[in-house]
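Subject: Structure for you to look at

Hello,

Here is the structure I said I would pass on. Please open it beside this email and follow along.

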Amino acid sequence: MNPARLEAVTRFAGQSILDVGCGNGAYVLQLADRYDITGIDYQEFDSWKEKPNLFSISDATKLSLPDNSVDTIISFECLEHLPNPEIVLK
């Protein structure tokens, strides 16, 4: 976990957070006591078993979120792994 990223999230994020490409869920697990946070990734990780209700398997290119459904979206070290990151950003 990157301390500078964590500090930026705690400093600027709204109350509800979506972590796209959360991987092992380190940020989700770290922030779960202070935020309404959910992590998604294309595969499940063993570390999700600690708090399975905070995670789901999802395709980042096929998300359809209602307007204003989350305050903040984070995505660390994810976009460079996607063939079409523009789709995810839209």
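Predicted model: local features only at pLDDT ≥ 70, side-chain atom pairs only at ≥ 80, totals over all residues.

Residues are numbered from 1 along each chain as its sequence is written, and side-chain values use heavy atoms, with hydrogens and water left out.

Salt bridges

Side chains of opposite charge can pair when their charged atoms come close. How many salt bridges does a search of the whole structure find? The search finds three, where a salt bridge is a side-chain nitrogen of Lys or Arg within 4 Å of a carboxyl oxygen of Asp or Glu.

One of them joins Glu77 to Arg5, with the closest N and O atoms 2.9 Å apart. This pair links distant parts of the chain, 72 residues apart: Arg5 is in helix 1 (residues 3-12) and Glu77 is in the loop between strand 4 and helix 3. Helices (H or I, at least four residues) and strands (E, at least two) are DSSP runs, numbered from the N terminus. Glu77 is exposed, with a relative accessible area of 54%, and Arg5 is partly exposed at 26%. Here buried means under 20% relative accessible area, exposed over 50% and partly exposed in between, with a 1.4 Å probe and protein chains only.

Asp33 and Arg34 form another salt bridge, their closest N and O atoms being 3.7 Å apart. Asp33 is exposed at 64% relative accessibility, and Arg34 is partly exposed at 42%. Lys49 and Asp46 also meet in a salt bridge, at 3.6 Å from N to O, and both residues are exposed.

Asp41 is found in strand 2 (residues 36-41). Leaving aside neighbours within four places in sequence, Asp41 is in contact (heavy atoms within 4.5 Å) with Gly21, Cys22, Gly23, Trp48, Ser56, Ile57 and Ser58.

Two backbone angles

Most residues other than glycine have a negative phi. Asn68, not a glycine, has a positive phi of about 60 degrees. Asn68 lies in the loop between strand 3 (55-57) and strand 4 (72-74) and is exposed, with a relative accessible area of 77%.

The largest pocket

A pocket is an open set of points on a 1 Å grid over the protein atoms alone, where a 1.4 Å probe fits, with protein on both sides within 12 Å along at least five of seven lines; lining residues have an atom within 4 Å of a point. The largest pocket is lined by 19 residues, of which Leu63, Leu65, Ile73, Val88 and Leu89 lie nearest its centre. Strand 1 (16-20) and helix 3 are the elements that give two or more residues to this lining. Helix 3 gives the most, with three residues.

Regards
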